[in-house]
Amino acid sequence: MFDPRPLVDIATAVGREAGALVQRMRASAVVSFDTKSTSTDVVTAADRASEQLVRTRLSELRPGEPVLGEEEGGTVVEGLTWVVDPIDGTVNYLYGIPWYSVSIAAQLDGESVAGAVFEPATGRLWTAARGHGAFLDGAPLHVSATTDLSLSLLGYGFAYRPERRQRQAETWARMATRVRDLRRAGAASLDLCSVAAGRLDAYAEHALGRWDWAAGGLIAAEAGAVVRLPGSSPELGEDATFAAAPGIADAMYAALAESGFDKV
Ligand code: LIP
């Protein structure tokens, strides 16, 4: 019987090493940086150095296993692939907002089986192994028991492209009167971990990379959330990521669809 827990240990150890590097580099890394898809989609020297460290360490610990990373690319193959976001929440990192992570997942035939999301700024570690639960610093995680949509806290995000942001903002304006409140924290992996911890009742966003959701999506699912990854929510749009406490998942999914979430 395949046991994914040793893969969590590797993701944890390498994530902690990369996180320490990210923290050490911050003062210099945020002085100058490059941009990618738009002028607001930043990449720092720390993003690149973190991914390079992860790649080097995985090649030592798991020789021959491919890596898909946000900065250097790669592909998901049959068998085991490591999926890495070297800094998730790069804009937060740039501004000194302590809400960013190094996210490392192991996927088997494209499905996450192990994941670690490490917060360099706080030292908090979120982990999960498929079928073995989700944990924050070793303590079990459980989603919220919310059953009332109007009393739910919804996390969300924006794409980098301006024309899409406008449509997304219109969706969130419609949702604002359907839920208790909205939160936009800027790091998808940690938004998904927040659902796992019951700190958010739901989270939804478009246009995430596999590296954004690969570990956090598993952590949320293992904590009891209803998780729908890109390609599995046609009513929310082909590139939608959705996670919610089971007590409100159907109502939240329907409210997002009614708000035009699929048209952004
Ligand atoms: C970020 C995501 C966030 C999203 C941002 C960005 P990055 O990832 O974690 O949820 O709203 O636009 O994609 O770029 O910091 O790795």
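View 1. Asp88 is placed in strand E4, where strands (E, at least two residues) and helices (H or I, at least four) are DSSP runs numbered from the N terminus. The model is predicted: local features need pLDDT of at least 70, side-chain atom pairs count only at pLDDT 80 or more, and totals for chains, interfaces and linings use all residues. Residues are numbered from 1 along each chain as its sequence is written, and side-chain values use heavy atoms, with hydrogens and water left out. Asp88 counts as buried because its relative accessibility is 5% (buried is under 20% relative accessible area, exposed over 50%, partly exposed in between; 1.4 Å probe, protein chains only). Beyond residues up to four places away in sequence, Asp88 touches Tyr100, Ser101, Ala187, Ala188, Ser189, Leu190 and Asp212 (contact means heavy atoms within 4.5 Å).

**View 2. Asp212 in helix H6.** Asp212 is found in helix H6. With 10% relative accessibility, Asp212 also counts as buried. Its contacts, leaving aside neighbours within four places in sequence, are Asp85, Asp88, Ala188, Ser189 and Leu192.

**View 3. Residues annotated in UniProt.** The unreviewed UniProt entry places the feature "binding site" at Glu70, Asp85, Ile87, Asp88 and Asp212; positions are in the numbering used here, feature names are shortened, and annotations may be inferred rather than shown by experiment. These residues are spread over 143 residues of sequence but cluster in space, with a largest C-alpha distance of 9.5 Å. The lining of the largest pocket includes Glu70, Asp85, Ile87, Asp88 and Asp212.

**View 4. The largest pocket.** The largest pocket holds about 750 Å³ of space. Of its 38 lining residues, Asp41, Phe158, Tyr160, Arg184 and Glu205 are the closest to the centre. A pocket is an open set of points on a 1 Å grid over the protein atoms alone, where a 1.4 Å probe fits, with protein on both sides within 12 Å along at least five of seven lines; lining residues have an atom within 4 Å of a point. Helix H3 gives the most to the lining, with 5 residues. The lining divides into 16 nonpolar, 10 polar and 12 charged residues (Asp, Glu, Lys and Arg count as charged; Ala, Val, Leu, Ile, Met, Phe, Trp, Tyr, Cys and Pro as nonpolar; the others, Gly among them, as polar).

**View 5. The two domains.** The chain is divided into domain 1 (5–140) and domain 2 (149–263), with bounds from an automatic or database domain assignment. Their C-alpha centres lie 21 Å apart. In domain 1, 40 residues are in contact with 25 residues of domain 2. The largest pocket lies between the domains, because both give residues to its lining.

Notes: Grid points are joined across faces, edges and corners, and a volume is the space filled by probe spheres set on the points.
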